[in-house]
Amino acid sequence: MSNEVISFDYVLTAKGGQVKRPNSFDGEEAIIDASVKGKPLIFITGMGQIIPGLEAVLVEMQPGQKKTVTIEAKEAYGLHDTRLIYKVTRSKLPAAEIKVGDMFEAGEGDHFSPVTITAINGDEITLDGNHPLAGEDLTFAVEIVQKRAATAEELAHGHVHGAGGCHH
């Protein structure tokens with residue numbers, strides 16, 4: 001398969017479950033994200049720029065085609081992994097003022113990962129290294145705006161150039 005540049009509009013929803021969102025209840029769909037009208041999301045296939053389950057659907061679609069599809073957690077941001085939840089002392093954190101829900105990067109050297117504070121118990125802080133949408137099945141309403149072959153320059157740089165992409 002050759003690499004394509006795909007532009008698409010989307011609305012992302014998930015059931016109000018593990019990740020609580022404003023204005024959602026358990027079992028209810030909540031809008032998480034959406035493209036801005038006239039500014040579709042643009043990516044190059046085969047480069048891991050979007051979640052694998054959604055990419056697999058989009059490569060099969062044609063410009064102008066619309067579809068609503070649910071991507072299982074394992075093909076989205078992965079299953080929730082309890083091994084990525086751990087406790088640290090408050091002194092290990094980069095900020096003096098913290099609250100549940102705060103996010104920052106943790107790690108050493110060149111290996112940093114985003115973490116979320118999920119509990120504060122005195123000086124003991126619980127961090128979760130899972131993506132906030134890990135363990136969630138995600139529903140996308142998508143419409144393909146445009147598809148074209150990626151240029152050699154785009155493939156070499158790893159991103160889309162021109163309208164809607166990077167401008168060097």
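**Close-up views of a predicted protein model**

**View 1. Who lines the second largest pocket?** Phe8, Tyr10, Leu12, Ile32, Asp33, Leu41, Ile50, Ile51, Leu54, Tyr77, Leu133 and Phe140 form its lining. The elements giving two or more residues to this lining are β1 (4-15) and β2 (29-34), and β1 gives the most, with three residues. A pocket here is an open set of points on a 1 Å grid over the protein atoms alone, where a 1.4 Å probe fits and protein lies on both sides within 12 Å along at least five of seven lines; lining residues have an atom within 4 Å of a point. This is a predicted model, in which local features need pLDDT of at least 70 and side-chain atom pairs count only at pLDDT 80 or more, while totals for chains, interfaces and linings use all residues. Residues are numbered from 1 along each chain as its sequence is written, and side-chain values use heavy atoms, without hydrogens and water.

View 2. The lining has 11 nonpolar residues, one charged residue and no polar ones. Nonpolar covers Ala, Val, Leu, Ile, Met, Phe, Trp, Tyr, Cys and Pro; charged covers Asp, Glu, Lys and Arg; the others, Gly among them, are polar.

View 3. The protein has two helices and nine strands, running β-β-β-α-β-β-β-β-β-β-α from the N terminus. Helices (H or I, at least four residues) and strands (E, at least two) are DSSP runs, numbered from the N terminus.
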